[in-house]
Each structure stands twice: as structure tokens, then as C-alpha cells.
Amino acid sequence: MSNIDFLALGPEIAVTAAAVLLLMIEVARKPSARVWGWIAGIGIAAALGLSIAGWVLGRGTDANLYFSDMLALDGFSAFGGIVVFTLTGIGLIAGWGLVTSLRRRGAEFVALVLIAAAGMHLMAASANLIMLFIALEVASISFYVLAGITRNRAADEAALKYFLLGAFASAVFLYGIALVFAATGTLSMAGQESFLGETILLRPGVLLAGIALLIVGLGFKVSAAPFHVWAPDVYQGAPSGVTGFLAAGAKVGGFAALARVLTVPLDAYLDDWAPAVAVVAVASVVVGTLLAIAQDDIKRMLAYSSVAHAGFILLALTAGDAGVEAVWFYVSTYALQVVGAFAVVAAVSGPDTGASPLDSYAGLGKRSPMMAAGLGLMMIAMGGIPMTTGFVGKLGVFRAAIDAGYLWAVVTALVATVAGLFFYLRVIVRMYMDAPGGDAPALEVGRGPAWAVGITSAATIVLGIAPWPLLNMLRDALPF
Amino acid sequence: MDLTVTPGWYMALASVLFVIGGAGLLLRRNALVMFMSVELMLNAVNLTFVAAGRELNVLDGQISVFFVMVVAAAEVVVGLAIIVAVFRRRATASVDELAELKG
């Protein structure tokens with residue numbers, strides 16, 4: 001029986017081929033940025049199309065592991081592909097100003113974004129822990145370079161901090177893999193699932209240590225407290241044109257990996273890891289909310305808010321398998337909100353600069369009504385107000401955590417949600433109630449950020465009012 | 001008295017090396033030394049993989065080491081490039097000097 005199916009690897013092949021082609025054409029012909037855009041666009045569209053094909057063929061079937069159990073083609077990986085490549089497309093459109101400002105180095109930027117997208121999708125599709133490690137590193141190493149792509153002081157600092165803490169997290173994650181391997185004797189997730197389901201380990205110490213290290217390592221990547229220290233500096237220092245992609249990509253890839261690792265191979269040890277996940281979740285929600293209140297730079301505020309959101313998503317994981325749908329809904333809609341919000345940031349402070357003080361948003365409602373409305377909508381959605389995806393997402397994770405018996409965690413998270421409204425609404429007050437400082441002219445908004453904000457706003461409202469199509473779809477997006 | 005060095009001892013040594021690497025990363029302030037500590041952590045993991053593979057009599061452990069080494073090499077390329085970029089701009093590789101982004 002042949003278990004080679006290139007559809008499982010199709011999206012990666014499409015984006016990687018586009019990245020290689022782009023770099024080769026760049027060396028040979030020095031084309032204009034428009035050509036880069038076409039190559040990247042076709043690659044991403046092909047990857048998205050292949051992910052949708054994978055969704056149609058792969059969801060709801062059993063035993064769909066390929067390449068010697070290395071890759072899974074199931075609803076989980078296919079939905080992950082749809083989210084990742086949609087995100088990559090919107091992220092590139094929002095940050096196109098950064099690509100053109102980098103001049104000839106813009107080709108490297110676009111190629112790195114494509115390779116990071118391949119890594120992020122592999123994180124959702126890996127069915128082997130070493131494969132997952134390689135996927136994580138493909139995405140992470142691309143992210144380190146993207147964070148420092150403009151080579152100014154702030155970007156350098158962000159890249160170095162991201163790199164050192166990211167490499168540390170990768171080493172911790174890898175040690176977790178090694179210990180789980182030592183305890184189970186296999187690296188294949190399916191093999192571990194059947195081994196741990198059938199065997200009672202008399203001395204599970206090595207396995208439990210491995211599980212803890214896996215949670216810590218991936219907790220770093222999704223910026224859950226207390227492993228969040230890199231996030232604010234990286235968000236603030238990285239050029240605004242790419243911050244949205246970095247932030248959303250790290251969340252989607254990290255939570256896809258975390259959800260699959262915890263619910264497939266380690267499902268039998270749910271009672272051991274779920275309390276730890278609940279503690280990390282509550283710590284993230286509380287720390288993220290409290291520290292976001294004190295920020296006067298919108299990118300740092302969004303970074304701490306992303307720590308809080310990581311906590312909300314982790315809450316759903318305490319339910320194990322039953323929480324995966326809630327994780328997917330929350331992380332996919334939150335990723336769109338983040339990309340939309342950072343598209344506005346890129347339009348206000350320029351796609352190639354790092355810092356974006358809250359003061360520069362005073363009177364944005366007059367300077368650019370469309371951008372102000374977009375950012376306002378994202379703030380409302382992140383705060384969890386009804387009629388937006390943020391509300392539906394929070395409802396889902398709270399219900400999953402209550403069903404799993406973590407009422408205390410949900411109550412804490414609810415209090416934090418109310419407290420969080422303070423800093424989300426403060427941005428809206430700044431934009432509409434305050435007068436612009438000095439004689440601020442009307443803001444010139446490029447087509448890229450305008451499109452990105454438009455698409456993400458439409459998705460946030462439509463899926464917030466009518467979430468059922470996506471919710472029904474997610475019933476098939478479970479790991480094998 | 002049994003003086004054989006079993007794979008368990010190698011795994012214990014690896015855990016000690018891993019902790020030394022982690023402590024080095026958290027305590028040292030020079031970006032290059034911190035980076036070396038990360039490499040020490042990765043090599044401790046490699047030792048764990050090989051020892052576990054030997055104990056369990058499967059090849060997965062030894063094969064994983066090659067993948068880890070390749071990934072570590074890629075990480076070195078990007079990491080040293082970032083450290084050099086920082087050093088050229090500030091003439092220091094101490095992370096204490098990198099304090100423009102805070103709050």
C-alpha cells in the first residue's frame with residue numbers, strides 16, 4: 001500500500017515553489033515589485049486552493065497519514081491551511097508598503113513570508129513530533145528575520161530578543177519531544193496515542209516531564225504568561241507592515257501544534273495536563289489584561305492583549321478533544337482581527353517603522369474615518385462585544401472550559417474580559433473624542449491597508465452575526 | 001558492584017547539561033554566550049535522543065539527531081547574522097544595552 005499522497009504536501013509545495021521562483025527571477029531579471037506580488041499571489045492562491053481540495057477530500061475520513069506517518073491530511077490540517085494561507089494573503093496585502101520601501105530586499109521579504117506560511121501549515125499537518133519541530137523552526141526562523149527586516153535600531157533589538165527567547169523555547173520544546181520519545185519509544189503521534197492508550201506506565205515521571213516541557217515550549221511560541229516576555233518588545237520593534245502577520249501566524253501555528261499534540265498523542269493523560277493548561281490560561285488572561293492597561297504604545301497594548309487572548313484560547317484546550325472546535329473558531333477569527341488592527345497601525349505610523357504611540361491616534365476619526373472605523377471594530381471584537389466574532393469565540397471557549405469543570409478559571413476570565421474593555425474602549429475614545437494634535441492633515445491610506453481592513457472587518461461582522469456556517473464546518477476540523 | 005554505564009546515566013548527564021545551558025542563557029548577558037548556551041541545550045537533547053534510542057533499540061533517536069543538527073545549523077546562520085547586525089550598530093553584544101523597547 002502506498003502512503004504517498006502529494007495532496008497532503010501540496011500547499012507547502014505551492015508556496016515553497018513560489019518562494020524559490022521569486023528569488024531566482026529576482027537574481028536573474030530584477031523585476032518590479034508587481035511581479036513579486038503576482039508570483040506570491042499565485043502561490044498563495046494555489047496553496048489555498050489545495051487546502052480547500054484537502055478539506056473536501058480529507059475531512060471526516062480515518063487513517064489518512066502519509067509519508068510514513070509524517071503528515072496527516074485531515075479536517076484539522078486542511079482547515080489550518082485555509083486559515084494560514086488566507087492570513088498570509090491578507091498580511092502581504094496589508095504590508096505591501098513595507099515590501100516596496102525595502103526596494104530590492106523586498107523580494108527576500110516576500111519569499112520569507114511564503115516560507116513562514118509553509119512552516120505554519122506544516123505545524124497544523126505534522127503527525128510526527130520531529131516533523132513538528134522542523135515545521136516550528138521553519139516558521140520561527142523566518143519570523144526572526146522578518147522581525148528585523150528593516151535593520152533599524154528598534155527592529156534589530158526586536159529580532160535579537162525574539163531570536164534568543166525563541167531559540168530557548170525551541171530547545172525546551174525539543175527536550176520535551178526527546179522525553180516523550182524516551183517514555184513511549186516512538187515519535188509518531190499515532191504510535192504514541194495507541195501506546196499510551198493501551199499501556200499503564202508504572203513510572204510516568206519522564207513522560208510527565210516531557211509533557212510539561214512541550215507545554216512550556218509551545219507556550220512561549222503563542223506568548224502565554226509567564227512565557228510572554230518577548231511579545232511586547234517584538235511587537236513594538238518589528239516594522240508595522242509585518243507585525244500583524246507575525247502576531248497572527250505565531251498564534252495560529254502555535255495553537256494548531258498545541259491542540260494536536262495535546263489531544264492526539266497525550267489524550268490519555270488529559271487529567272494530568274489539563275490543570276496545568278488551566279493555570280497557564282488564567283495567568284495569561286490576568287497578566288495580559290493588567291499590563292495592557294498601562295501601555296501608551298498601541299503595539300505594546302496589542303501585544304499584552306494577545307497574551308490575554310492566548311489565555312482565552314488555552315481555556316478551551318482544558319476540555320481536550322471537545323475544545324478543539326472552540327480553539328479553531330477563536331484563533332482563526334482572532335487572527336483576522338489582529339491582521340486588521342495592525343493594517344490600521346501600518347497605515348497610521350508607516351509600514352516600516354516600529355513604535356506607534358497611542359497619541360498619534362487622537363482624532364483619527366476625523367483624519368481617516370474608514371481606518372478609525374476599522375480599528376474601532378477590531379477593538380470591539382477583541383473586547384468581546386456581541387455581534388462580532390470576538391463574542392462568539394469567547395462564548396465557545398467559556399462553554400468548553402465550564403463543561404470540563406474549570407468554572408473558577410472561567411469566572412476569572414470573565415472578570416478580566418470586563419477589565420479588558422477599559423483599554424480597548426480607550427483607543428476608541430482617543431480616535432473619536434480627542435482632537436488631533438497640532439494641524440494633523442487627513443491621513444493618506446494606501447490601497448493595501450484599505451483592502452486588508454475591509455476584508456477583515458467584513459469577516460468579523462458577518463461571522464459575528466451568523467457564525468453557524470463556520471461552526472458547522474469546524475465539526476469536521478478535528479485531528480485524526 | 002555494577003559499574004556499567006547504562007543509557008540512564010547518559011540521560012541524567014543530558015539533563016544536567018540542559019540545565020547548565022538554560023542557566024547560562026538566563027544568567028549571562030552577552031548575546032554570543034547566551035546563544036552558545038542554547039546550542040548546549042540542543043546538544044543535551046541530542047544526547048537524550050541517542051541514549052533513548054539505544055535503550056529502546058529503535059533508530060528514530062539517532063535519526064532525529066541529524067534533523068536537530070540541521071535545524072541548529074540553520075538557526076546559527078540566522079542568529080549570528082542578527083547578532084552581527086546588532087553589534088555593527090551599537091558596538092556591543094551585551095543584551096543589557098538593548099533597552100530601547102520596554103514598558
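Predicted model: local features only at pLDDT ≥ 70, side-chain atom pairs only at ≥ 80, totals over all residues.
View 1. H14(A) covers residues 324-349 and reaches 37 Å from its first C-alpha to its last, close to the 38 Å expected at 1.5 Å a residue; the expected span is 1.5 Å times one less than the number of residues. Just after the helix comes A:Gly350, with a positive phi of about 90°. Helices here are DSSP runs (H or I, at least four residues), as are strands (E, at least two), and both are numbered from the N terminus.

A word on bookkeeping: residues count from 1 along each chain as its sequence is written, and chains are lettered from A and ligands numbered from 1 in the order in which they are written. Local features need pLDDT of at least 70 and side-chain atom pairs 80 or more, while totals for chains, interfaces and linings use all residues, and side-chain values use heavy atoms, with hydrogens and water left out.

View 2. H11(A) runs over residues 240-263 and reaches 35 Å from its first C-alpha to its last, close to the 34 Å expected. What about its cover: how many of its 24 residues are buried? The count is 24 of 24. A:Arg260 sits in this helix and has a relative accessible area of 1%. Its contacts (heavy atoms within 4.5 Å) include A:Phe76, A:Met189 and A:Phe480, not counting residues up to four places away in sequence.

**View 3. The salt bridge between A:Arg260 and A:Asp74.** The closest N and O atoms of this pair are 3.1 Å apart; a salt bridge means a side-chain nitrogen of Lys or Arg within 4 Å of a carboxyl oxygen of Asp or Glu. A:Asp74 lies in the loop between strand E2 (71-72) and helix H3 (75-94) of chain A, so the pair ties together parts that are 186 residues apart in sequence. Both residues are buried.

View 4. A:Asp233, in helix H10 (residues 230-237) of chain A, is buried at 11% relative accessible area. Its side chain meets that of A:Arg300 in a salt bridge (3.1 Å, N to O). A:Arg300 belongs to helix H13 (residues 298-317) of chain A, 67 residues apart from its partner. Shared partners join A:Glu157, A:Lys161, A:Asp233 and A:Arg300 into one network of salt bridges. A:Asp233 also touches chain B, at B:Leu101 and B:Lys102.

**View 5. Where chain B meets chain A.** Here 42 residues of chain B contact 39 residues of chain A. Together the chains bury about 3500 Å², 76% of it on carbon and sulfur atoms; buried area is the accessible area (1.4 Å probe) that two parts lose on being put together, summed over both. One salt bridge crosses the interface: A:Asp156 and B:Arg89, at 3.0 Å from N to O. The pair runs from helix H7 (residues 153-184) of chain A to helix H3 of chain B. A:Asp156 is buried at 4%, whereas B:Arg89 is partly exposed at 41%.

Definitions and conventions
Buried < 20%, exposed > 50% of the residue type's maximum accessible area, 1.4 Å probe, protein only.
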